[in-house]
Amino acid sequence: MTPEDNRYAKSHEYVHPEAGDLVIIGITDYAQKELGDVVFVELPPVGSELELGDEFGSIESVKAVSELFSPVSGQVVEINEALNDKPELVNTDPYGDGWMMKIKLTIPEEVDEMMTAEEYEEYVEKESAH
Amino acid sequence: MADQNLKKTPLNQVEHELGGKMVDFGGWELPVQFSGILEEHAAVREHAGLFDVSHMGELTVKGPEALALLQRATCNDVSKLENGRAQYTGLLYPTAGFVDDILIYQNAPDDFFVVVNASNSDKDYEWLADAAKGMDVEVRNVSADYAQLALQGPEAERLLQPMTDIALAPMKYYRFGKGKVDGVPAIVSRTGYTGEDGFEVYVAPSEAPRIMRKLLDAGAKPCGLGARDTLRLEAKMALYGNDIDETTTPLEADLSWIVKIDKGDFFGRDVLQRESAEGPRRKLAGFEMVDRGIARHGYPVVDGGEEAGVVTSGTHSPTLKKAIGLAYLPLDKSAPGAEFMVLIRGKETRARVVPTPFYKRAK
């Protein structure tokens, strides 16, 4: 279920390698299930410079709002405009059409520090057990 | 998620089996959702949804001075009730702030059944029992004797009627009947907290799981607290602890229809009399977001950089597909059309007062 080629953050974002220094960022399937029906995603303007851990936007579900944190440092080169009209894509296809933004990495090594799919699954298991 | 310290309703096990996502709701373990808030919300607007509201409290007020006590403790006119009718009202402090918002059911002129909010039930009981001192009336907290199911939606009557000997078709809004549901004693009222047609069913806790399963088998969709909140907000029904509390009066809360100044003396009457003459200092108004974003409970309302009010409830309205909410605003800025700013995570975001309720069902 958890795509093998992605890396994962404790704050439940994933990083998907695109090409060279380009990565795609979104939230995990576990995160979208926890949030429930997503109705609004606020993303940063293209061109924004983000550092690891920066709040880059917010995601509103019917029941609550959550902040989004950048799992890597880099520049936003594209955001998923489709989420303006169809925020529910985050629920229906978090690893595909529900992606959030494309980033050009400034410190590619940061990705190596993130969890693998297997590590993330273990992490989620622990988190949902408490 | 199974927290040993949380109180559980008689339907807790069924809810776990149904895959309910359980949360701590004021000390009770209750489902926030089953299949999803949007889906559950739509089921109630279009078909029928079933809510466990067994956490709600129930009191009985009986005796020759039962009516006198309730008249003194609440702002609506209890003398207008008849046997078999229910009334929405405020239980008030002398400051006119809410102890709670409640439903009063009249069994007989000296026998009332009072339904109160879960987290307030002990406080309400103590407040009423204290007010009853020296009067010929007995107040009892019977919350543990009842489970409560709310079956809401246009198909509610069709689903419930085969299970009860109480005639539902002739039962009008805010009326109730006593009889049997699935062969066991029950109180059924045509009331609810969704803005939709529907019923609230009170039965003994041990009978509730079976009745819940039968209603689900008949086609009702299990619904959680999430949909309950979006539904009640679209219908602009107040939520105690969010929209009203001990610091807000019924006139501030735009509930003038439950304030009967002329019924005789009651707690908070002088305050309400003054507010009704001079206008309350602030008023609870419904709004829509003009800019993108959702204003949530507690977000400040700002006007020219100054704090001018507060958002008490806010969500995405599944029916209207807009961000809606309620906010206390200065009286002169609370009329439909007025615009104001809500501070959403530090950003001034435009909102506009609109007429309420946001949603009204077609009759």
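These questions and answers walk through a predicted model of one chain.

Q: How many helices and strands does chain A have?
A: The elements of chain A follow the pattern β-β-β-α-β-β-β-β-β-α-α-β-α-α along the sequence. The count for chain A is five helices and nine strands.

Q: What radius of gyration does chain A have, and what would a compact globule have?
A: The C-alpha trace of chain A spans about 35 × 35 × 20 Å along its principal axes. With 130 residues, a compact globule would have a radius of gyration near 14 Å. Chain A agrees with that, at 14 Å.

Q: What percentage of the residues of chain A count as buried?
A: A residue is buried if 20 or more other C-beta atoms lie within 10 Å of its own. Of the 130 residues of chain A, the buried share is 40%.

Q: Which strands stand at the edges of the open sheet of three strands in chain A?
A: The order in this sheet is 4-6-7, with antiparallel pairing. The edge strands each have a single partner strand, so one side of each is left without a neighbour in the sheet. From one strand to the next, the twist averages 20°. The edges are strand 4 (38–42) and strand 7 (65–69) of chain A.

Q: Which residue in strand 6 of chain A is the bridge partner of Phe40(A)?
A: Strands of a sheet pair through backbone hydrogen bonds. Strand 4 and strand 6 (residues 55–61) of chain A run antiparallel and are joined by four bridges. The partner of Phe40(A) in strand 6 is Glu60(A).

Conventions
Residues numbered from 1 in each chain as written. Chains lettered and ligands numbered in written order. Predicted model: local features only at pLDDT ≥ 70, side-chain atom pairs only at ≥ 80, totals over all residues. Pairing = 2+ DSSP bridges. Helix = DSSP H or I, 4+ residues; strand = E, 2+ residues; numbered from the N terminus. Axes fitted to C-alpha atoms, helices over the stretch in contact; angles between N-to-C directions. Rg over C-alpha atoms; globule rule 2.2 N^0.38 Å. Buried ≥ 20, exposed ≤ 12 C-beta atoms within 10 Å, placed from the backbone.
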